[in-house]
Amino acid sequence: MDITHVQSSFIAPLGGAESYVLALATEQARRGDDVEIVTAWTDPLTVERANRAGVRVRTVRVRRPYRPDQHGGGPAAKILFHSLDLIGALAPTPLVLDVQKPGRLVHVHRFQGLGGQVLRARLSPVVHTAHDYCLVDTTSTTIRDGLEPDDLGDVQRLRARAIWRAARHASILVFPSERTLARHRVLGMPRDGVEQRVVPHGWPAPAAASPPVDPSVRPRFVFLGKLQAAKGVSLLLRAWALLGVDAELVIAGDGPERPAVEHAAAAGLVTYAGWVDGDAKAALIASATALVFPSLWPETFGLVIAESLLMGRPVVATPQAAGSFVRDGENGLVSADATAEALAGALRRIARDASLRARLARGAAASATALDFGSHVDRVTTVYADAREIFARRR
């Protein structure tokens, strides 16, 4: 099969969606498919990494005031950025011809920064996976002042309707969880007009088995991810200050909240490990008593949760972050709410109870079977076959 993955930016260090795209493309290439990744921004290191896996990376030229993985320079830049996306959603641009080649299956993962036109199924079948909420929200999180409102206002509603004009031409929209699909519908995404399916994500198992958790050692909690407000970094720091238990917190990542983390590290409260990836990331997870995932928005997947469970490490999460993966008392703990007091209470329970740590670790290892990546790729292949049939019927 000839497959084109569309990811607006593909730059090291790779975030969750980018890592998923590379893992999926790698497995498809291994199975004999002709696979390319089309992006507007990349770097030589990432291109080389993809090429080694048998995946081509091709860049297309777009005009945007900033990269989608960066913050805008002000209100005017943000308005221009999203306006250019809308122009493509309302009227196709030459970019469509660059991406949609007859005979290829196009799998869109993030269109923001490229434009809504890449969702249009004009020359080839298009599958779109909603890794976040950019179909209905420019911020991609649907969070306002720490809450999940059922209405984001007139501007977002009108913008979503325009984006939907492009998205409804796709063959199939894929959502990684029932919660993600339900949230889109609450915010006005129509139920009809395009096939909508839930296809739970998977993730490749680690190359080597992790050593069992020793419940007798000093508890070590690990946070991995982008250091930004939506990921709950500030919440974690506040919770850690309330813990009152002898334990260690290692924070790894980079982003706008980095100064706060570095300040806490300088005060001896936490250990800051910078951005880690590959073997270093796996080693850090393996060293943990539990992973901490305090995200403040309704996560669609939570790649780091999958990585942790696959290595037999339980997860402490907020309700927004837990999704369907973290089951309270079985493979981790879910705090009562997204407050510092509640998160500290969950961390404290694990830190003080060695038998609980051991039980949750066993539960984490047992729950990892649901993340089998081969089965996930099989489900994606079925979606592709159905998308081709839908596209053929429409022509």
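## Salt bridges, sheets and a helix

Visitor: Let's start with Glu262: what is its relative accessible area?

Guide: Glu262 has a relative accessible area of 34%, which makes it partly exposed. Please keep in mind throughout that this is a predicted model.

Visitor: And which residue forms a salt bridge with Glu262?

Guide: The partner is Arg258, and the closest N and O atoms of the two residues are 2.8 Å apart. Both residues belong to helix H8, which covers residues 258-266, and they are four residues apart, about one turn of the helix. Arg258 counts as partly exposed as well, at 31% relative accessibility.

Visitor: How many salt bridges does the structure hold?

Guide: There are 25 of them. One joins Arg64 to Asp85, with 2.8 Å between the closest N and O atoms, and this pair links distant parts of the chain, because Arg64 sits in the loop between E5 and helix H3 (75-90) while Asp85 sits in helix H3, 21 residues apart.

Visitor: Are Arg64 and Asp85 buried or exposed?

Guide: Arg64 is buried, with a relative accessible area of 16%, and Asp85 is buried too, at 1% relative accessibility. As a further case, Arg157 forms a salt bridge with Asp151 in which the closest N and O atoms are 2.6 Å apart; here Arg157 is partly exposed at 30%, and Asp151 is partly exposed at 47%.

Visitor: Which residues are linked in a network of salt bridges?

Guide: That network is made up of Asp34, Glu36, Arg56, Arg58 and Arg104.

Visitor: Switching to sheets, what is the order of the seven strands?

Guide: These strands form an open sheet with parallel pairing, and the order is E5-E3-E1-E6-E7-E8-E9. Strand E5 (56-59) and E9 stand at the edges with a single partner strand each, so one side of each is left without a neighbour in the sheet. From one strand to the next, the twist averages 25°. Further in, strand E1 (residues 2-7) runs parallel to strand E6 (residues 105-110), and five bridges join them; Gln7, for instance, has Arg110 in E6 as its bridge partner.

Visitor: What about the sheet of six strands, which ones are its edge strands?

Guide: In this open sheet, also paired in parallel, the order is E12-E11-E10-E13-E14-E15, and the edge strands are E12 (271-274) and E15 (332-334), each pairing on one side only. Neighbouring strands are turned by 20° against each other on average, direction ignored. Helix H12 (residues 340-352) packs on the sheet, where it touches E10, E13 (290-293), E14 (315-317) and E15, and its direction makes about 160° with that of E14.

Visitor: Now H6: which of its residues are buried?

Guide: In helix H6, residues 178-186, the buried ones are Thr180, Leu181, Arg183 and His184. Seen down the helix axis, they fall within an arc of 160°, so they line one face of H6. Strand E8 (172-175) and strand E9 (195-198) are included in what covers them. Just after the helix, Gly188 takes a positive phi of about 105°.

Visitor: What does Thr180 touch, leaving out residues up to four places away in sequence?

Guide: Thr180 touches Ala130, Tyr133, Phe175, Glu299 and Thr300. Its relative accessible area is 0%, and because buried means under 20%, it counts as buried.

Note on methods: Residues numbered from 1 in each chain as written. Predicted model: local features only at pLDDT ≥ 70, side-chain atom pairs only at ≥ 80, totals over all residues. Heavy atoms only, no water. Buried < 20%, exposed > 50% of the residue type's maximum accessible area, 1.4 Å probe, protein only. Helix = DSSP H or I, 4+ residues; strand = E, 2+ residues; numbered from the N terminus. Arc of directions from axis to C-beta. Contact = heavy atoms within 4.5 Å. Pairing = 2+ DSSP bridges. Axes fitted to C-alpha atoms, helices over the stretch in contact; angles between N-to-C directions. Salt bridge = Lys/Arg side-chain N within 4 Å of Asp/Glu carboxyl O.
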